[in-house]
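Open your viewer and get ready to click through a few selections. We will go stop by stop, and each stop tells you what to pick next.

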Amino acid sequence: INGAELIKVVKRVGEQIIHERVEKENFERYKREMEENEIDVRRRFFNEIVSGSLSTVAILERGKELGLELSAQYYQIALFKYNFIVGDEIYSNEKLTLSKELNEINLHFLGVVSFDRAIEGIALLIKGDTLEQLEATRNSYLSEVKAVMARYPMARYFGGIGTPVGRLKLLSESFEGAARAFLHRLIVDKSAIINCKELSTYKESEDNTSSQEMLELGSIDIKKAEAFLRNGEADEITFFIEEFLKGIARTSEKSFLFRQYFIINVYITVVNFIKEIGASELLEEEPFNGPESIKEVIDEPHKSKDYIVRMFTIAIDQRDVIRTKRYHRLIEQAKEYINDHYTDDNISLNETAAYVNISPSHFSSVFSREAGKTFIRYLTDLRMNKAKELLKCTDMRCSDISSAVGYKDPHYFSYLFKKAHNCSPMQYRALKK
């Protein structure tokens with residue numbers, strides 16, 4: 001064998017291996033981008049469905065565009081979320097494995113369509129041609145979910161199930177029931193999946209509690225109030241307060257001292273939360289102008305409820321203002337990082353999330369909300385705009401422009417450019433001359 005020929009063949013094989021490796025990397029990147037975009041599109045589609053803004057025909061058509069078969073006689077919404085008790089970051093590997101196991105369940109349940117809701121968990125659209133079939137599908141699906149969750153003792157989960165409805169257009173009603181049941185994640189201290197039909201049962205069991213037990217329950221419930229102030233949403237306040245007060249309703253109506261004790265405890269909890277988030281200037285404003293103002297609302301139970309709602313509303317509004325400012329700074333830092341590193345072929349959502357020091361899933365959700373587009377869409381748009389500048393203002397070859405904006409593969413760059421602008425890079429350059 002001629003040594004020079006052998007070296008030439010080995011070199012050619014090596015180049016072929018490198019080319020195949022690059023193609024594989026490009027394919028994996030493309031697949032990740034498509035998956036992220038699909039998750040975002042499906043998330044927005046679900047929000048439109050449950051808002052009641054789409055007609056039945058529009059829902060079915062949009063569903064087909066996304067590869068979702070939604071035709072059925074009956075539908076039901078379920079909401080589900082899990083987290084690790086000690087912290088998601090500590091159990092990141094377990095969380096990844098758990099997520100894969102839950103996703104695998106979806107593959108063999110044709111009657112269940114799942115939608116990612118980012119930090120809010122997942123939503124399930126359950127369907128069936130009869131109510132019996134719907135119930136059987138739901139029970140079988142949730143049974144498998146519970147079996148998977150049982151293998152992760154450090155994970156706590158919670159689910160809320162809405163009422164069955166006979167039309168896609170009525171899914172907003174099922175979602176409302178699911179949301180009311182799902183809100184009990186901030187009230188119930190253990191893993192559970194609650195049907196909205198069971199909420200009255202919870203109330204009856206609480207109404208049978210003795211006065212002394214009510215008093216003790218009131219003290220424990222303060223912790224639930226703290227949890228809601230940290231994790232609840234503004235549109236959940238009224239319902240949470242109603243559920244929060246159920247356990248003390250009878251005692252509160254009979255006992256002025258108990259009502260005073262309870263209101264003052266709630267007041268102190270809210271004040272401490274306000275101080276903790278750094279908004280102590282609000283303490284000078286109504287309703288935080290001193291314990292004497294509480295006396296005005298202690299006499300009547302309905303005034304007590306209104307007072308608590310008002311306090312929670314101010315606290316959560318201020319919390320959201322502070323959180324928005326913090327997230328705004330975080331996203332600005334992320335954008336600066338992207339602008340400085342968009343030429344790097346390996347820049348990723350995970351890498352950027354690590355730079356701003358939050359988890360990738362949380363970062364993805366926050367970035368989409370604050371920036372108005374997904375991370376991948378923002379990065380791609382930035383690269384395409386830079387490419388247009390180079391095409392208009394320089395004589396660089398397209399392959400060099402591809403590399404300059406972060407794409408090793410010119411063919412992949414050309415594909416993305418044509419998808420974004422309906423013309424190839426060369427055609428764009430010709431049009432702009």
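Why is helix α8 (residues 237-246) largely enclosed by the rest of the structure? Select it and look around: eight of its 10 residues are buried, so the rest of the structure largely encloses it. Buried means under 20% relative accessible area, exposed over 50%, and partly exposed in between (1.4 Å probe, protein chains only). Helices (H or I, at least four residues) and strands (E, at least two) are DSSP runs, numbered from the N terminus. Among the buried residues of α8 are Phe 239, Phe 240 and Phe 244, and also Glu 243 and Lys 246.

Before moving on, a word about what is on your screen. This is a predicted model, in which local features need pLDDT of at least 70 and side-chain atom pairs count only at pLDDT 80 or more, while totals for chains, interfaces and linings use all residues. Residues are numbered from 1 along each chain as its sequence is written, and side-chain values use heavy atoms, with hydrogens and water left out.

Next, select Gln 76 in strand β1 (residues 74-84). Gln 76 is buried, with a relative accessible area of 1%. Show its side chain together with that of Arg 138: the two make a polar contact at 3.1 Å. Such a contact is a pair of N or O atoms within 3.5 Å; within protein, one must be able to donate a hydrogen and the other to accept it, and residues adjacent in sequence count only if both atoms are side-chain atoms. Leaving aside residues up to four places away in sequence, Gln 76 also touches others, including Leu 124, Pro 164 and Asn 195. Here, touching means heavy atoms within 4.5 Å.

Now move to Thr 137, in helix α4 (residues 131-149). Thr 137 is buried too, with a relative accessible area of 16%. Beyond residues up to four places away in sequence, Thr 137 touches Phe 109, Gly 111, Val 112, Ile 126 and Lys 127.

For the last stop, select strand β5 (residues 192-195). Which residues point which way from β5? Ala 192 and Ile 194 point one way, Ile 193 and Asn 195 the other, and all are buried.
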